[in-house]
Amino acid sequence: RPAIVWFRDDLRVADNPALHAAAQTGRPVLCVFVWDDETPELRAPGGAGRWWLHHSLASLAESLERLGSRLVLLSGPSESVIATLLRETDAAAIFWNRRYGGVERRIDESVKTAARAAGVEAASFAANLLFEPWTIRTGQGTPFSVYTPFWRSCLAAAAPRRPGPAPREVQGASVPQSLDTVTLDDLGLLPTRPDWAGGLRETWEPGEKAAHEQLQRFLSDDLGDYREQRDVPGVDATSRLSPRLRWGELSPHQVWHATIEKRRGATAESASTFLSEVGWREFAYHTLFEHPDLATVNIHREYDSFPWPRLHPSALRAWEQGRTGVPLVDAGMRELWRTGVMHNRVRMVTASFLIKNLLIDWRRGEQWFWDTLVDADPANNAFNWQWVAGSGADAAPYFRIFNPELQRKKFDPQGDYVRRWVPEWDTPDYPEPIVDLAETRQAALAAYDVVKRSR
Ligand code: FAD
């Protein structure tokens with residue numbers, strides 16, 4: 001009777017506690033991934049995410065084959081697919097690494113209960129966060145709503161465990177004929193007509209091996225300057241590890257310990273700053289754990305009364321396509337479309353522009369990012385959109401409205417970044433801004449007054 005490993009947001013063989021536990025049982029191991037776009041409320045990855053997932057699954061399948069096993073792909077509603085799998089394989093055990101979203105937790109809980117009721121061992125593991133959400137609490141036992149004391153409390157907690165190696169061997173299990181397996185191509189995760197993924201192919205090589213190379217390159221070449229340079233979008237100074245962490249090609253434990261090893265001398269402060277950014281990821285996930293509707297519902301409910309004006313679809317389209325006539329915004333939106341990521345500083349500016357200059361509901365922006373980011377993440381994306389909107393945990397105050405022109409002058413003074421993505425900038429072909437920045441700022445502040453009055 002086999003042990004099943006159910007892969008989800010943890011597409012790696014090293015430091016994978018669920019895989020490790022299965023290999024330890026001495027049983028044949030069946031590794032599965034379930035593509036589920038049928039469970040209502042479970043948010044399927046957007047277009048760029050699906051592109052990444054396709055390639056990362058292909059890479060995981062190769063790694064598992066090298067270890068002596070294989071990756072079996074199944075498709076359908078997770079709960080019934082796993083129930084059938086356990087039955088058809090007569091599994092003795094099923095293992096997985098935890099997820100933290102509301103629907104995901106409900107599914108996992110129900111799979112666990114059903115498996116145990118059928119006499120199958122079911123166990124879940126902490127793998128994708130440094131600190132489990134229920135372990136980091138204020139003195140009153142409540143979750144933190146402010147980042148600085150949150151991270152201080154994390155740093156005071158027991159150090160994250162050391163990452164484990166990949167198993168030396170995983171004994172493969174046979175797959176019963178009766179099981180309705182699918183191929184990667186059957187899942188249809190890649191764009192066909194039009195094939196818009198050329199920029200992603202040029203920019204990225206998904207998979208665990210490339211993820212480790214990227215981590216090592218960042219730590220040896222760029223970590224030292226991270227603190228100084230991380231806000232400058234024209235310099236490749238940040239780690240670009242976000243899709244690796246999103247899809248679990250790397251665990252945060254691997255990132256944490258590899259960084260700590262470099263935290264010496266001149267690099268010490270930069271390393272701590274870098275780890276505190278990884279800390280924002282932890283904070284976003286802990287916030288998702290407490291607020292499962294993070295992508296749709298304002299954490300601060302008084303923002304429900306925000307008087308969003310009637311949507312101008314042409315303004316939303318101009319923003320999506322990087323044609324707003326505001327150079328830093330257009331550069332960011334074009335970088336996003338081409339590469340599937342955008343520099344953090346520019347994410348803040350483009351989000352602020354959508355919400356506070358175009359007065360478009362943050363959920364529209366969140367959805368666009370969800371569809372176009374290769375790192376589109378159930379916690380980080382919604383958390384940061386709410387942060388910019390002012391409605392989120394430890395959010396930027398609403399009245400702090402980024403001026404995209406001042407931001408450009410400060411963070412891209414030579415225009416390196418803007419010119420890379422908007423070559424026609426500074427020529428007569430480049431349009432005037434679609435809105436007046438000062439006027440729309442005033443309109444946003446007036447709308448914010450409505451929220452204030454509703455408190
Ligand atoms: P680095 O500066 O090298 O940071 C290292 C890691 O720390 C990142 O890979 C990421 O995992 C984490 N991190 C850094 N900044 C943040 C942050 N503000 N919040 C949470 N985690 C952080 N990040 C995503 O991973 N997925 C998203 O969908 C996402 N959507 C965003 C939407 C908006 C509107 C904004 C303002 C930010 C968003 N971010 C998101 C956060 C941040 O912009 C990216 O994590 C970062 O730009 C990724 O680049 P990097 O890996 O080079 O980051």
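Tutor: Let us start with burial: a residue is buried if 20 or more other C-beta atoms lie within 10 Å of its own, exposed if 12 or fewer, and partly exposed in between, with C-beta atoms placed from the backbone. In this chain, 45% of the 455 residues count as buried. The model is predicted: local features need pLDDT of at least 70, side-chain atom pairs count only at pLDDT 80 or more, and totals for chains, interfaces and linings use all residues. Residues are numbered from 1 along each chain as its sequence is written.

Student: How many helices and strands are there in the chain?

Tutor: Helices (H or I, at least four residues) and strands (E, at least two) are DSSP runs, numbered from the N terminus. The chain has 19 helices and 5 strands.

Student: What radius of gyration does the chain have, and what would a compact globule have?

Tutor: The radius of gyration is taken over C-alpha atoms, and the globule rule is 2.2 Å times the number of residues to the power 0.38. For 455 residues the rule puts a compact globule near 23 Å, and the chain has 23 Å, which agrees. The C-alpha trace spans about 70 × 55 × 50 Å along its principal axes.

Student: And how do I read contacts?

Tutor: Two residues are in contact if their C-beta atoms, placed from the backbone, lie within 7 Å. Among contacts in the chain between residues at least 6 apart in sequence, 79% join residues at least 24 apart.

Student: Which residues have the most contacts inside the largest nonpolar core?

Tutor: In soluble globular proteins, nonpolar side chains tend to be buried together. A nonpolar core here is a set of buried Ala, Val, Leu, Ile, Met, Phe, Trp, Tyr and Cys residues joined through C-beta atoms within 7 Å. The largest one has 110 residues, and Ile 4, Val 5, Val 32 and Ile 94 have the most contacts inside it. Helix 2 (residues 47-67) gives the most to this core, with 8 residues. A second, separate core has 7 residues, including Phe 218, Leu 219, Tyr 226 and Phe 274.

Student: Where does Ile 94 lie, and is Ile 94 buried or exposed?

Tutor: Ile 94 belongs to strand 4 (residues 93-97). Ile 94 counts as buried because it has 27 C-beta neighbours inside 10 Å. Not counting residues up to four places away in sequence, Ile 94 touches Ile 4, Trp 6, Leu 86, Ala 115, Val 120 and Ala 122. Ala 21 is 73 residues from Ile 94 in sequence, with 9.7 Å between their C-alpha atoms.

Student: Which residues does UniProt list under "binding site"?

Tutor: UniProt positions are given in the numbering used here, feature names are shortened, and annotations may be inferred rather than shown by experiment. The unreviewed UniProt entry lists Tyr 226, Thr 238, Ser 239, Arg 240, Leu 241, Ser 242, Phe 274, Asp 375, Ala 376 and Asp 377. They span 152 residues in sequence, and the farthest two C-alpha atoms are 22.9 Å apart, so they do not all gather at one spot. Thr 238 sits in the loop between helix 8 (226-229) and helix 9 (242-246), and is buried, with 21 other C-beta atoms within 10 Å. Leaving aside neighbours within four places in sequence, Thr 238 is in contact with Tyr 226 and Arg 230. Asp 377, in the loop between helix 15 (362-372) and helix 16 (380-389), is buried too, with 23 other C-beta atoms within 10 Å.

Student: Which residues come nearest to the ligand?

Tutor: A residue is near a molecule if its C-beta atom, placed from the backbone, lies within 6 Å of it. Of the 27 residues around the ligand, Thr 238, Ser 239, Asn 344, Asn 381 and Asn 384 come nearest. Helix 9, helix 11 (268-290), helix 14 (344-357) and helix 16 each give two or more residues to this shell.

Student: Which backbone details deserve a look?

Tutor: Most residues other than glycine have a negative phi, and most peptide bonds are trans. Here the peptide bond from Arg 193 to Pro 194 is cis, with omega near -5°. Pro 194 lies in the loop between helix 5 (147-156) and helix 6 (198-203). Glu 41 has a positive phi of about 80° and lies in the loop between strand 2 (29-35) and helix 2. Asp 90, with phi near 55°, is in the loop between helix 3 (78-89) and strand 4.
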